[in-house]
Amino acid sequence: MTHKILAVDDSRTIRAMLKTVLVNAGFRVDLAEDGIDGLEKLDAAAPDLVITDINMPRLDGFGFIEGARARSRHAAVPILVLTTESGPDLKQRARDAGATGWIVKPFDEAKLISVINRLVI
Amino acid sequence: MNDLRDLFFQECDDLVESLTSGLGDLESGAHDAETINAMFRAVHSIKGGAGAFGLDRLIAFAHAFENVLDDIRSDKLQVNETNLPLLFTAGDHLSDLVEAARGECEIENDMGASILSDLKLLSQSVGGGALMDDAPEPEFEPLALDMGFDLPDLGTPQAAASGYAITFAASAELYATGHDPALLFRALGALGEVHASADVDAVPELGDSDWRTPVLRWTLTLTPDDGIDEAALREVFEFVDGLCTLEITAPSAPPDLPDLLPLADPPDTPAPAAADAPVKPSPPPSDPPAAARPSKSDSARTATIRVDLQRVDRLINLVGELVISEAMLRQSMSELPHSASSKTVEEAMGQLKQLSGVIQESVMAIRAQPVRSLFQRMSRTVRETAREAGKQARLVTLGDATEVDKTVTERLVEPLTHMIRNAVDHGLETPEARRAAGKDERGTVTLEAAHRSGRVVITLRDDGAGIDRRKVRQVAEQKGLVRPEDDLTEADIDNLLFRPGFSTASEVSNLSGRGVGMDVVRSEIQALGGRVTLQSMPGQGTQVTISLPLTLAVLEGMVVSVAGESLVVPTLALRETLQPGQARIDAFCDDDRVLTLGHELIPIVDLGLALGYRATPADLDSLSLLLIEGDSGRRTALAVDAIVDQREVVIKGLEQNYRPIPGIAAATILGDGKIALIVDTDQMISRPGDGPSPAALLPDPTRIAHHA
Amino acid sequence: MPKPDVQEPNAAAQEIVSFAIGDQAFCFDIAHVLEIRGWTRTTSLPHAPDYVVGMMNLRGTVLPVLDLSQRLGLGRTDPGPRHVIIIARVDDRIVGFLVDAVSDIIMVREADLLPTPDVSSARTQAYIRGVYTIEDRLVRALDVHQVLPQEDTAVA
């Protein structure tokens, strides 16, 4: 069975890119455009892995991850943070919120896929 | 990838608009924290996308801009009159960079460099830019994955047979962040041959323990495949750094003891790198409600979808067909014997008509978009023109939520830009002159949009000096457009500015009136089915009014018949209709005939002759006349065989499958399914009869009135 | 309607629609053909070339109808109920070709296309790509791009 990935990003460009890359790699992909949208889609999507941006309107990536972790169904789903910033603070904040890992934009396709493959069962 | 690129630039348009809108709010003081946040996100998203496409200049500039916005966001920097212009300039430049990247062309570096350094100075002045690396380039190196920790310089090539010894114990947090040791081991397995064993000594009696605290310790050996080094091995543990106890022992020279490596306790073993982070106590599951962080301004956002414009146009076309079919059906019904149509059928027909009308309106509304983005572009034009012309000017926009067909807003950009430049350059006085006249040194240009009786009216006002009619008349006389003895009203003089050949930029730029290429502006507006008029009050300013149809797809027209063909004359230009025998017609040489209406003599165009439907002039006494008027105020009477009725028609272009036809604007389909051509009234006015005379040589109506 | 064809698709093979103008047979690639209609009334166009019969309404699409006979110098057609209009897409344009009758749909190979005889007029050279010999008849392959009204012939 193919794995399902939920990608949360407020940029249409990044969303489309993620979708292209992930679908080409054989994943099924659901998209959400901010944290609220992501949380709303989480149950229906039941993803095997989530990729989320940090800077988003309404609810940012940290809030989204915390919200996702608070739901027992998704407490253990791997969540990757997509970020343009790579400072240690940011990683710590992401981890505190419950992020599984991080990918720095712009991402390298092969690298992204290999990271995902490491994280999905 | 090109699709993605297009998507990125499309998104950039929205992001730039959102940035511009935020800047506008900053200027007017109508901003809150979310305004800055949204601006920051816009620039940030542009940077992010630009990174994906390797648009280095855009990245670098967006980065510097983003830093400044971040300083404002974090209250390190206050927006004030000194730095606001820089923010505007930066916004404009960002937009230029986006355009340059879209067109894959270079733009001059000088200006960008100075703006960039200004932005950096501004950040530095408040010690800002700290949140993000100040040098953006390294951050955007193509190696995209951050390693998470500093890798030790291992540099020891691994022999194929050598094995690593790994001990690993997970913390509770490791599980809480979605990790699974089994996956880590699987990933290790991809690097070589792995043996794993669990050390169960630490597992307490059941019931004795906090189930949330993981207690298993794993011992693994990895015999790596060729080319796998310790960096690859550590990468597997990249995300769990700090979430586990991890030791990796590189194989020693005799590579025959991997299975026998001792299970050392973490504190006792020298661990390479920072892999010895203690197991953290499991944090209590934090449980913030999902909506704890929503920001206020975005919460009322309406849901939208993006639809390919072609799909919308197809829908609009189909609905046009529906309306036509409905009309055809109604016509067939009316031709049936009376008894056949019952009251029920009539009611159903009425409902069908109403429904198709509503559907048509709703579909048209899809293409409608607010003029806001158009107006925002103009604010930049005002700033730039004012700077170049040494004027002080501000733009006030009203009614920018007014919706207009997308094509109309797109095609208004050029003419409106032209008029705005005129208003600032020629309309507004210099600050000194304004002060002397007792006005605010800073002039105001007002751009207003409103719906009025089924049309969109856009007005452009300035509070400048108004048109210098004496000078305009003087120029027009020099150019032979009017004669000194012509009796012209003030409005006549103002409208001389729209006459082709009135002016070229170089000759009129010293006029404190306007007129730079206004004939071009007018023809652009006319091409959209619009009208443009101009009013001026000396000393108080000038107002240009543009009236446009709500949509380009439907037109109100008079159906007429000419030589057996049906034609449609748009009612926009129609002033009056005259039945046969109602008019006084006088003949001139070469079959020229003129309608006398009051004191006015109006040229008559025999439509059948002009369009080649008949070879010889018809007897005008048996024809009906349609009096049409162009924006110039010039009138012409169109002679037709009969006037059928007035109705709304759906416009069908001719160029798609055929080509433009002189004298014809488009086609439509009538209720009986027949095609009727829509007359281009403007061409009829500028080319009376089938004479080849170019517009410029035609007699001026004022001259006809007095000298014919 | 294209006949069902049991042959394996062959890169060099194509289906053509053949039709009659007077006593001559013509054809073009069936891929252009959208549908075939009986004669319907058209609206005549001002300032149009003599072979443009007028505009017809095909379920809401306004398209020009061309008199192929007149275009090919074979004399003006006086259209009536026995004539047919081949609705074709050529490049991005949809046009109607007025012809006497549609004859057949035939599978041909591009290799069988013979060059237009040297004796033919300039008009023939411009509008005819070559000829097929099918059951002892000459079928002239029309260059559908060339017979359309060209932009540069627009009437002033």
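Reply: Chain C holds three helices and 10 strands. This is a predicted model. Read from the N terminus, the order of elements in chain C is β-β-β-β-β-α-β-β-β-α-β-β-α. The chain has 156 residues, and 47% of them are buried.

Next, the contacts inside the chain. Take the contacts in chain C with a separation of 6 or more. Of these, 55% join residues 24 or more positions apart. As for the surface, chain C exposes about 8100 Å². Carbon and sulfur atoms supply 50% of that area.

Now the meeting with chain B. Chain C brings 28 residues to the contact, and chain B brings 20 residues. Between them, the two chains bury about 2100 Å². Of this buried area, 56% lies on carbon and sulfur atoms. Three residues of chain C stand out here: Pro46(C), His47(C) and Val62(C). They supply 27% of the area that chain C buries against chain B, more than any other three residues.

Which strands of chain C each supply at least two residues of the side that touches chain B? They are strand S4 (52-58), strand S5 (61-67) and strand S7 (93-99).

What about polar links? Seven residue pairs are in polar contact across the interface of chain C and chain B, both residues of each pair being at pLDDT 80 or more. The count of salt bridges across the interface of chain C and chain B is zero.

Chain B has a nonpolar patch on the surface too. Leu322(B), Leu355(B) and Ile359(B) form this patch. Together they have about 250 Å² of accessible area. Leu322(B) sits in helix H10 (residues 309-335) of chain B. Its relative accessible area is 35%, so Leu322(B) is partly exposed.

Arg118(A) belongs to helix H5 (residues 109-119) of chain A. Is Arg118(A) buried or exposed? Arg118(A) counts as buried because its relative accessibility is 12%, and the cut-off for buried is under 20%. Leaving aside residues up to four places away in sequence, Arg118(A) touches Leu183(B), Arg186(B), Ala187(B), Glu235(B), Val236(B), Glu238(B) and Phe239(B).

Technical notes:
Residues numbered from 1 in each chain as written. Chains lettered and ligands numbered in written order. Predicted model: local features only at pLDDT ≥ 70, side-chain atom pairs only at ≥ 80, totals over all residues. Heavy atoms only, no water. Helix = DSSP H or I, 4+ residues; strand = E, 2+ residues; numbered from the N terminus. Buried < 20%, exposed > 50% of the residue type's maximum accessible area, 1.4 Å probe, protein only. Contact = heavy atoms within 4.5 Å. Patch = residues over 30% accessible without salt bridge, like charges linked within 9 Å, V, L, I, M, F, W, Y side chains within 5 Å. Areas by Shrake-Rupley, 256 points an atom, 1.4 Å probe, with all protein chains shown as cover. Salt bridge = Lys/Arg side-chain N within 4 Å of Asp/Glu carboxyl O. Buried area = accessible area lost by both parts, 1.4 Å probe. Polar contact = N/O pair within 3.5 Å; in protein donor to acceptor, adjacent residues only side chain to side chain.
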